[in-house]
Amino acid sequence: QVQLVESGGGLVQAGGSLRLSCAASGLTFSNYAMAWFRQTPGKEREFVAAINWSGDNTYYADSVKGRFTISRDNAKNTVYLQMNSLKPEDTAVYYCAADLDRNFAIRTPSYWPRYNYWGQGTQVTVSS
């Protein structure tokens, strides 16, 4: 049974930092590309960042480029999202996702239906 479990969310002031983690189990982690998405009530799921299986290639939404960093540790079956210079508009539930197309060879990383597995989400709230 595949499980993706996010952690690290919380309440932070604008300008602050948070580090999200997503621990994977029940799959061969290095076979999967990983990504982070976020969603607020009434809005569509929004791509945040993605990373290929080896960590050599990363992708970011323009809204987070230069502030967020995605990374992974295949030995720990974990993907991370370091979020710096947080803004109130970053407030959302953050989800991690796993995709068997581990090098994003078929579709763009931001296409959320491509992902095979999703976590339950972790809330990030940025106060102004």
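A polar contact is a pair of N or O atoms within 3.5 Å; within protein, one atom must be able to donate a hydrogen and the other to accept it, and residues adjacent in sequence count only if both atoms are side-chain atoms. The model shown is predicted: local features need pLDDT of at least 70, side-chain atom pairs count only at pLDDT 80 or more, and totals for chains, interfaces and linings use all residues. Residues are numbered from 1 along each chain as its sequence is written, and side-chain values use heavy atoms, with hydrogens and water left out.

View 1. Glu6 sits in strand E1. Strands (E, at least two residues) are DSSP runs, numbered from the N terminus. The Glu6 side chain reaches the backbone nitrogen of Gln120 at 3.0 Å. A polar atom of that side chain also lies 2.8 Å from the backbone nitrogen of Cys96.

View 2. Glu6 is buried and has no salt bridge. Buried means under 20% relative accessible area, exposed over 50%, and partly exposed in between (1.4 Å probe, protein chains only). A salt bridge puts a side-chain nitrogen of Lys or Arg within 4 Å of a carboxyl oxygen of Asp or Glu. Lys and Arg count as positive, Asp and Glu as negative; His and the chain ends are not counted. Leaving aside neighbours within four places in sequence, Glu6 is in contact (heavy atoms within 4.5 Å) with residues including Trp36, Tyr94, Tyr95 and Gly119.

**View 3. The open sheet.** Four strands, in the order E1-E3-E8-E7, form an open sheet with antiparallel pairing. Two strands pair if DSSP finds at least two bridges between them. Strands E1 (3-7) and E7 (68-73) are the edges, each pairing on one side only. Neighbouring strands are turned by 15° against each other on average, direction ignored. Axes here are lines fitted to C-alpha atoms, and angles run from 0 to 180 degrees between N-to-C directions.

**View 4. Partners of strand E3.** E1 pairs with E3 (residues 18-25) in the antiparallel sense over 5 bridges. Leu4 has Ala24 as its bridge partner; Gln3 has Ser25. E3 and E8 (residues 78-83) run antiparallel, joined by 6 bridges. There, Ala23 stands opposite Thr78.

**View 5. Gly9 in its loop.** Gly9 lies between E1 and strand E2 (10-13). Gly9 is partly exposed, with a relative accessible area of 33%. Beyond four places in sequence, Gly9 touches Leu18, Leu20, Thr122, Gln123 and Val124.
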